Amino acid sequence: MSTPGAGPAARLSGFMAHLRRNGFAVGPGETEAALAFLAAGDPTDVAAARLGLKTMLTGDRGQWQRFDALFDAYWFGSGVRAALRAEAQGPRQEARRPEIWNKALPAEERAEAAEPAALPGAPSGEDALPAGTGRLVASRQEALARADLRNLVSPEDIAAAERLAERLARVLRYRLSRRRLPARRGDTVDLRRTIRRNLGKGGEPVELLRKHRPERPVNLVLLLDVSGSMRLYSRYFVSFLRGLLGGWLHADAFVFHTGLVHISDVLRERDRLRAMDRLSLMVEGFGGGTRIAGALKAFNDRYARASLNSRSIVIMMSDGYDTDPPELLAAELARLKRRARRLVWLNPLLGWRGYAPVARAMAAAMPYIDCFAAAHSLESLAALEGELARL
Amino acid sequence: MTFDYKALQDGLRRTGYIADDDLAMALALAVGLKRPLLLEGEAGVGKTAVAKALAAALATRLIRLQCYEGLDANATLYEWNYQRQLLAIRTHEREQRSADEIERHIFSADYLLRRPLLEAISQPVPPVLLIDEIDRADEEFEAFLLEILSDFQVTIPELGTLQAQSIPYVVLTSNGTRELSDALRRRCLYSYLDFPDEAKELAILRARLPGIEQHLAEQIVRFVQLLRREELEKKPGIAETLDWASALIGLDVRALDGDAAALQASLVCLLKTEADLKAVPREVAARLVGKVA
């Protein structure tokens, strides 16, 4: 060990602190267990120590994969650059942030993430940071040149949208569970409790006790199109999403354009202006055109497994003008539908007189949609309440 | 107390399970520290098989609890045998016994149906308890499970508290369809299983199908490894590789570059969805065979 005088216990607690800085949830209990494990084993067998600590101290796949680099960095001082990068990722939730964010994050967070590469003497060229930085500057200028989202929305509109979202959230709140709980007017007889209760009557089931299936909260996944053609509407929807996410409902939100970005964390930001700023930066970072199918594919590949279950309702907000081939959209929607319970598609164009869903992508998507509605104004969003309650 | 994972690795090998160092150490720790082991990984990398092999290597019973949505305490701990209870009430009534006596009788261990969790803690020899696909059960069940896994005792109101006869070796598996709670993760040792590399998969194939020709085995493994790199909805796991190898042997295929029609027909063993079957037409299969031959 490199520090003379420091006992193994001190070195190990140093290692624990090192792991904690990298987002591992390890506490004194783990330290004690790890120390006992090391004391029991052969002190010269580094491979065994590494394997054992890895098993004891990691808790999910990301930690499992980062552990070896962190271990080497602490005990052998090698691979420091890689470990530093891991360290700069910050606490656990942020480590999972999609890479695409880095191109669109506010400057201060960006600087933090870029730190390891900026170290003097660190060899460059191993990732695309210079290009990314250039893009960030460009997107910030773009954001200044065009009006940002907050100036386009009056405070009353935002408040109305958020109130409305709250109402919708309440409508969507519950679905039937498959667990059963005791209930006075349940649909099935609870034999265990019935027999217990009727023992005093000689075991004759005089009084029947019942159980029922309680309701469980649904899980919402929101996909919002923020391409140029939707720009006019997306500002309402963003407030709407904030309202949905702000409550107790389990919800995940994504925006797409030519790529897909997970925005739940941004929308949960308590300060509304700051949230809007971060969001508009992220939105401006994209190129032109809309790739609905591509974004859906990214969602299906990366997030669907974790965020969809049989109680999920997917709400898609888009005008259906897709630059990807419509067959691709149909295929991705089919994949999506296999995981989710319902698909709601809100299309602002539906509110226009004489509009029919003839855009090729929209026509291809129709078979997979459970509820297709206009959402061009706050009133039309409010009209959704009844529709969604029936889903 | 030392954790001799090499010995366990050899023991597993003798039962036909090839475990790499990571996994062998994780299992050795789980056995040595009596802590539950959480295994994560794609479907088909051999998570469930680990528990079976561990039970065989330790020469003990395997008790399996398959999780599903809506699973509750009744289905996992115990249930009373109601039909028998009702019958017993009737017969004892005729014998003019008192209600107290009847109650004592029908709420005795004879009428108790032990479900996997209770079964696992009431064994004299510690069994391997496999809690399969924990991510399918609801959050409430997870909390309940945590309690059982830390106390190893079950309270049945009619019988009192049953202490564990022995602490089972617990293996939990998860496919990652739902994020597990941090509390559960902290309670468990953790290991992530990946698809095996070529050498390991070849070793598995040779361990499970000892009669297979070396040349064919190598071709099969290389083909499957290449197939996993294609864009598929469901990547073929180890079980699929083994099925496919058996099918090829049954079809009397000696080399993959021989009978294209038989090869194409046998791909149903590897590709389990319609979309995946369409994604690997004859030309793609021929291209992959060209690379492995």
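**View 1. Val189(A) faces Arg210(A) across a strand pair in chain A.** In this predicted model, Val189(A) stands opposite Arg210(A), a residue of β4(A). The two strands here are β3(A) and β4(A), the latter covering residues 210-212, and two bridges hold them in the antiparallel sense.

**View 2. Chain B has an open, parallel sheet of five strands.** Reading across, the order is β2-β5-β8-β1-β9 in chain B, and the pairing is parallel. Which strands stand at the edges? Those are β2 (62-66) and β9 (189-193) of chain B; each has a single partner strand, so one side of each goes without a neighbour in the sheet. From one strand to the next, the twist averages 20°.

**View 3. Here we look at β1(B) and β9(B), with a helix from chain A on the sheet.** Strand β1 (residues 37-41) of chain B runs parallel to β9(B), and five bridges join the two. One pair to pick out is Gly41(B), which stands opposite Leu193(B) in β9(B). Now bring in the other chain: helix α4 (residues 61-76) of chain A packs on this sheet, where it touches β1 and β9 of chain B. The direction of α4(A) makes about 85° with that of β9(B).

**View 4. Helices α1(B) and α3(B) cross.** The pair is α1 (residues 5-14) and α3 (residues 47-58), both of chain B, and their axes come within 9 Å. How do they cross? The angle is roughly 105°, which makes α1(B) roughly perpendicular to α3(B), as angles of 65 to 115 degrees count as such. On the α1(B) side, the contact is made by Leu8(B), Gly11(B) and Leu12(B); α3(B) brings Ala53(B), Leu54(B) and Ala57(B). By class, the contact residues are five nonpolar, one polar and no charged.

**View 5. The largest cavity has lining residues from chains A and B.** The structure holds three cavities of 30 Å³ or more, and the largest has a volume of about 150 Å³. Its lining takes in 15 residues; nearest the centre lie Ala25(A), Thr58(A), Gly59(A), Gln63(A) and Arg186(B). Two elements give two or more residues to that lining: α3 (46-57) of chain A and α9 (182-187) of chain B. Of these, α9(B) supplies the largest share, with three residues.

How values were computed: Residues are numbered from 1 along each chain as its sequence is written. Chains are lettered from A and ligands numbered from 1 in the order in which they are written. This is a predicted model: local features need pLDDT of at least 70, side-chain atom pairs count only at pLDDT 80 or more; totals for chains, interfaces and linings use all residues. Side-chain values use heavy atoms; hydrogens and water are left out. On a 1 Å grid over the protein atoms alone, a cavity is a set of points where a 1.4 Å probe fits but cannot get out, and a pocket is an open set with protein on both sides within 12 Å along at least five of seven lines; lining residues have an atom within 4 Å of a point. Grid points are joined across faces, edges and corners, and a volume is the space filled by probe spheres set on the points. Helices (H or I, at least four residues) and strands (E, at least two) are DSSP runs, numbered from the N terminus. Two strands pair if DSSP finds at least two bridges between them. Axes are lines fitted to C-alpha atoms, for helices over the stretch in contact, and angles run from 0 to 180 degrees between N-to-C directions. Contact means heavy atoms within 4.5 Å. Angles under 35 degrees count as roughly parallel, over 145 as roughly antiparallel, 65 to 115 as roughly perpendicular and the rest as oblique. Ala, Val, Leu, Ile, Met, Phe, Trp, Tyr, Cys and Pro count as nonpolar, Asp, Glu, Lys and Arg as charged, and the others, Gly among them, as polar.
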